[in-house]
Amino acid sequence: MENATIIKWFLVIGKIEGYSYLLLLFIAMPLKYLYNTPEYVRPMGSIHGVLFVAFMLLLALMFFKVKLSFKNACLAFLLSLVPFGTFFLKRLV
């Protein structure tokens, strides 16, 4: 896989993962705790989990193959933990 493809997928999956995190935090979790409807958390959490693992694999590819700096790799990881964080990944690439 060439570097441009890895970068493209890193940014795309990062953005999708960010949206799934927002849906989990601001839709599924409030529905669970405010309206006693926990059935949305498991599927949304599973989707987010798969996307997060894919993002971490792509982050490893970015670090080892594309040669993303250690500092920027750490920042990308931290951005993935903060709501709206992954929408700023393009600034690191």
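The model is predicted: local features need pLDDT of at least 70, side-chain atom pairs count only at pLDDT 80 or more, and totals for chains, interfaces and linings use all residues. Residues are numbered from 1 along each chain as its sequence is written, and side-chain values use heavy atoms, without hydrogens and water.

**Overall make-up**

The protein has three helices and zero strands. Along the sequence the pattern reads α-α-α. Helices (H or I, at least four residues) and strands (E, at least two) are DSSP runs, numbered from the N terminus.

| Property of the protein | Value |
|---|---|
| Box filled by C-alpha atoms, along the principal axes | roughly 45 × 20 × 15 Å |
| Buried share of the 93 residues | 32% |
| Accessible surface | about 6100 Å² |
| Carbon and sulfur share of that surface | 73% |

Buried means under 20% relative accessible area, exposed over 50%, and partly exposed in between (1.4 Å probe, protein chains only). Accessible areas come from the Shrake-Rupley method with a 1.4 Å probe; for residues, only the protein chains shown count as cover.

**Helix α3**

Helix α3 covers residues 70-81.

N72, A73, A76 and S80 are the buried residues of α3. They fall within an arc of 105° seen down the axis, so they line one face of the helix. The arc is taken from the directions from the helix axis to the C-beta atoms. These buried residues pack against α1 (3-35) and α2 (41-64), with contact meaning heavy atoms within 4.5 Å. F70 and K71, on the other side of α3, are exposed.

Note on methods
The expected span of a helix is 1.5 Å times one less than its number of residues.
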